[in-house]
Amino acid sequence: MERRSSVRFAPSEIARMEKLVTHKKEQVLDEIFCRKLAEEFNCSPGRVGSKALQAVQVQEWFRQKFPASTVIPPCLPTGSEEKALASQASAPVSEEKPPSSEENALAVDTSISNDIGEVSPDLPIDNIDKLPEIEDMQFEARSSKDFAWYDIATFLAYRKLSSGEFEVRVRFQGFGAEEDEWINVRKAIRLQSIPLESSECKLIREGDLVLCFKESNDEALHFDAHVLEVQRKQHDIRGCRCVFLVEYDHDGTQERVNLRRLSRRPKHS
C-alpha cells in the first residue's frame with residue numbers, strides 16, 4: 001500500500017491542540033471544528049510558504065487522543081451490545097497511552113551481543129525484563145519502503161537476528177496495522193527530530209544533519225539531509241527569512257528551503 005504524506009505540526013500548534021483536547025473533549029473530532037482550526041493554522045505567519053494543512057490531518061491528530069471515539073458500529077446494536085456501548089460512553093475519555101518505558105527502551109538499547117544465533121521468535125513487548133525509566137521520550141523510524149522518517153506511535157514486538165542485531169515492529173503515527181514494519185534498531189530508530197521556531201535559525205549551521213520536509217507532485221515526506229550553505233537574512237513580521245541549501249542523503253539531490261521545512265536533531269541522539 002502506498003503510504004500517505006506525513007505531516008508535522010509546529011510546537012505552538014501542538015500546544016494549542018493539546019489545550020483544546022482538555023477543554024473541548026470529543027468536540028475536537030467534529031469535521032467543521034477541524035476545518036476551522038486548519039484554516040487558523042494556515043493563516044499563521046509560521047505557515048507562510050508551506051503546504052496548507054488539511055482538516056483531515058488535524059482530525060487524525062485528534063483521533064490519536066480519542067481512539068475509541070472513532071469506532072462506529074456497522075449496524076444497530078443488540079440489547080446486550082447497547083448496554084455495553086452505554087457503559088463505554090459513560091466512562092471518562094482518556095488520551096492515547098504513550099509507549100511504556102519498556103517499549104521506548106528498545107529503541108535506544110544498542111548494547112547487544114554480536115554472537116551468531118537463530119532468529120528469535122517474535123515476543124510481545126510486555127514480556128521483557130524491566131529496563132531503566134526513559135519516559136517522555138518520543139521516537140521516529142526510517143521506513144524501508146521510501147527511506148522517509150515517520151513518528152512512532154507504538155512499539156509492538158521485537159526480535160533478535162542471527163547477526164546479533166535487534167529489530168522492532170512499529171506502528172507509525174497516523175497509520176494502521178497494514179503499514180507496520182520491522183525496523184533495525186541501530187540503523188533506523190532514533191529520538192524524534194525537533195521542529196524549529198523562527199528564533200532558532202541560528203542553531204542550524206553548515207554541515208548539520210537535519211530532517212527536511214520534501215514536497216513534490218506525488219509526495220510530501222521527511223528525509224535526512226545535510227546543510228551545505230546558509231544565507232542569513234533579516235527577519236520580518238513573517239518570521240525567519242533565511243535560506244538553507246540542503247542535500248538529501250537518500251538521493252543526493254539539492255534544494256534551497258526555508259526554516260519551516262527543517263527539524264533539528266536532539267543534541268544527545
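A contact here means heavy atoms within 4.5 Å. By that criterion, residues 24 or more positions apart account for 59% of the contacts in the protein chain with a separation of 6 or more. The model is predicted: local features need pLDDT of at least 70, side-chain atom pairs count only at pLDDT 80 or more, and totals for chains, interfaces and linings use all residues. Residues are numbered from 1 along each chain as its sequence is written, and side-chain values use heavy atoms, with hydrogens and water left out.

**Chain totals**

- The protein chain has six helices and 12 strands; these are DSSP runs numbered from the N terminus, with helices being H or I of at least four residues and strands E of at least two.
- Of the 269 residues in the protein chain, 38% are buried, where buried means under 20% relative accessible area, exposed over 50%, and partly exposed in between (1.4 Å probe, protein chains only).

**The six-strand sheet**

- An open sheet with antiparallel pairing has the strand order β7-β12-β8-β9-β10-β11; two strands pair if DSSP finds at least two bridges between them.
- Strands β7 (194-195) and β11 are at the edges with a single partner strand each, so one side of each has no neighbour in the sheet.
- Strand β10 (residues 243-248) has five of its six residues buried.
- On one side, β10 pairs with β9 (residues 220-231) in the antiparallel sense over six bridges, and His226 has Glu247 of β10 as its bridge partner.
- Strand β10 also pairs with β11 (residues 254-257), again antiparallel, over four bridges.
- In β11, Glu255 stands opposite Val246, while Gln254 is the bridge partner of Glu247.
- The hairpin of β10 and β11 has five residues between the strands, and Gly252 in its turn has a positive phi of about 75°.

- Strands β3 (residues 149-160) and β4 (residues 166-172) run antiparallel and are joined by seven bridges; Phe155 has Val170 in β4 as its bridge partner.
- Five residues lie between β3 and β4 in their hairpin, where Gly164 takes a positive phi near 100°.
- Strand β4 is also joined to β5 (residues 181-184) by four bridges in an antiparallel arrangement, with Glu167 opposite Asn184 of β5.

**Nonpolar cores**

- A nonpolar core is a set of buried Ala, Val, Leu, Ile, Met, Phe, Trp, Tyr and Cys residues joined through side-chain atoms within 4.5 Å.
- The largest such core has 34 residues, and Val170, Ile189, Phe244, Val246 and Leu262 have the most contacts inside it.
- Elements giving two or more residues to this core include β2 (139-142), α6 (185-188), β6 (189-191) and β8 (209-215); β9 gives the most, with five residues.
- This core takes at least three residues from each of domain 2 (139-191) and domain 3 (194-264), with bounds from an automatic or database domain assignment.
- A second, separate core has 15 residues, among them Val21, Val28, Leu37 and Val58.

**Helix α3**

- Val58, Gln59, Trp61 and Phe62 are buried in helix α3 (residues 55-63).
- These residues lie on the same side of α3 because they cover an arc of only 155° around the axis, the arc being that of the directions from the helix axis to the C-beta atoms.
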